[in-house]
Each structure stands twice: as C-alpha cells, then as structure tokens.
Amino acid sequence: MPPQRATLLQVAQRAGVSRSTASFVLAGRHVDMRISEDARQRVLRAAQELDYRPNLMARSLRTKVTKTIALVSDTLASDPYAGRAIHGGLAAAVAHGHLLFIGETEGDAVVEERLISDFLDRQVDAFVYASMFTRYVRVPKLLKGHPVVLLNCLTRAAKPAYHSVIPDEAAAGCSAAELVVEHGHRDGIHLVGTPARHVFAGRERLAGIREGLAAAGTRLSGTIECDWWPDSAYEAVTRALAAGPPPKVLICLNDRVALGTYQALREAGLDIPGDVSVLSFDDSDLAAWLRPQLTSISLPHYQLGWQAVELLLDPAGHGQPGVRRLPMPVRTRASIGTP
C-alpha cells in the first residue's frame, strides 16, 4: 500500500502557521499577502521535510485550471521523424509546468470529434491542432471558443483567428538555390519530383528555388517529374539520363526522392558530387545514412512543437494571431561540389 501523502494542514502545523498562510506561501503569494520571510522559510522547509505535493485535482476544481494541454494530430505522433515535434511540445509544456496529452486520429473525422470531446470532458486548458504535412485545415467546430494553436497547418482566413506555426518552405527553396550558385553552378540545374499545386511544401519549395535562381541571373533547366518516393525517382532519373546529357545539379524535393536519384546515378556510372551534385529537403535520418552523405535542408520539427506550445501558453506575448514561419537550416554535407 503506497504511503499516505502529506496534507497542507500537516505542513502548516509543522511550520507553526495557519493553513491559509501555508497555502499562500506555496502558491507564491507571500508578498501580496504580506507574509514574513521567517514564516515563508518555515513553510518551505516543512513542505520539503514532509515531501508535500499539492493535490492537482482539488486545485483544478477550485481554480478551473488543469494545467493540461491536448495535442490532436492526424498521424504526426506515430511518425518517428515528424514525432520530434511531439518532443518539442512536451519539453515546452514541462518548462511551463503543464502536462501534454496526445491523441491521433489518422485523419478520421469521427475519431477526431470523439477525441476532442473526450479531452473537453477532461477539462484540458488548451489545444494544439497538428498535421503531419503542412496544409490548409478547417479548425473543428468543437474547438471554437477554446485556446488553440495550429502546428504545421494553417487556415485560409484573411484574418486568422489562431496562431499557426509552419516551416518556411519558400525560404528553404531560396536557400537551396543560393547553395547551388555559391558552389559555382549556373546551368544544368534540374528539379527532381513533381511539385503538385495541392502539395504545400512542393509548391513553396519550387517558388523559393525559382526566386533564388532568378536573383542570381539563372533558372532551372528542367524538371524530372516523379512521385516523392525512391522507386519513382529512380525510374524517372534513369529515363532522364538515358535520354540526354547528364545534369550538373539535381535538387530533390525530399530525401526519399534523393535516395532513388542516388541509385540511378550510381547505375549510370556517375559520381556524386564529381559528376552530378545532389541536394534535398527534410534532413531525415536518410540524409546522413547515404554515401556520400546528402546535403539537405532540415525541417525544424522540434522547434515547431516547442514554438506551438509557447504560443499557446503565452499568446499575449506574441501579438495578433497569424502565421509564424520557422527557418529551415541547411545541413551541408558531401553531396554537393563545384562544376
């Protein structure tokens, strides 16, 4: 049988003060309640000696604040790579003395509604509404009127009602272009991957690449279209190599595309980066496993999760709701060289 927890009354009795005085001291209100420093020290010492911990359930019933947050996502939590956003959110919650509950819907609207209802029944204070891929969303009606921050997603509202935290994909595209130009490349630059209009990351990355190259007085020589998976990229790059002279640079829309690209270049007897430079986006574990190691522009998952919870717990300190774009760091490795 677990030992019985010390009560606030026992702390007060050991410290030789009233129960209300002990309560004010432990709540950090000794100054405004004009409690002497001697009394405060006695209460703190008694609480430490008795290993006193406040009854959070009783406190939440009294204050209507549970110090809990719910993170509701589609598949973010179960992805080992994107799950770093969960780690960032957890760390920020702990830093603020909160608990973070995590629920995953797998994109099922019925499951989502039930999950949010359950969290509301448990009186969580606020919500992080998250997406695995950056996209536009409609905030569920059940969340209206509650504190919400959007993680890796945003709304189409002209005047946003919520803070939103997303990666700055357009700036990442610019960074990719600048890196290519800095290494002396001016032509033979191809994109690998289909930048479909409905895919937020692809659209933004392509816009940034074009902007960065245009600023340097050059442009893409072409696009090798494929799905964002290794086998599709391998087949598409193999066909492109067979059809004409090899490109000088291949900018892949993600690391899985880069994996297929590596395989196609190797089979064609081309050296990376001696013959063809390759760079990519996401900086998944795959980037460091490839040989040569892949230059990739990192998705800041941990920082996204941290920033979302920070905005949720301190909204007044961050101005009007809007979209906050976090920088995507360039991880320069051995896959890019000079012409």
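Which residue in strand 7 is the bridge partner of leucine 191? I looked it up: the partner is threonine 223.

**Ground rules.** I am working on a predicted model, where local features need pLDDT of at least 70, side-chain atom pairs count only at pLDDT 80 or more, and totals for chains, interfaces and linings use all residues. Residues are numbered from 1 along each chain as its sequence is written, and side-chain values use heavy atoms, with hydrogens and water left out. Helices (H or I, at least four residues) and strands (E, at least two) are DSSP runs, numbered from the N terminus.

**Strand 6.** I went to residues 189-192. Ile189 and Leu191 are buried on one side, His190 and Val192 on the other. Buried means under 20% relative accessible area, with a 1.4 Å probe and protein chains only. Next I checked pairing, which needs at least two DSSP bridges between two strands. Strand 6 runs parallel to strand 7 (residues 222-224), with three bridges. It also runs parallel to strand 8 (residues 249-252), with four bridges. There, isoleucine 189 has valine 249 as its bridge partner.

**Helix 1.** I listed the buried residues of helix 1 (residues 8-15): Leu8, Val11, Ala12 and Ala15. They sit on the same side of the helix, because they cover an arc of only 100° around the axis. That arc is taken from the directions from the helix axis to the C-beta atoms. An α-helix has 3.6 residues a turn, so residues three or four places apart point the same way. What do the buried residues of helix 1 pack against? I found helix 2 (19-26) and helix 3 (37-49), with contact meaning heavy atoms within 4.5 Å. Just after helix 1, glycine 16 has a positive phi of about 75°.

Conventions:
Buried < 20%, exposed > 50% of the residue type's maximum accessible area, 1.4 Å probe, protein only.
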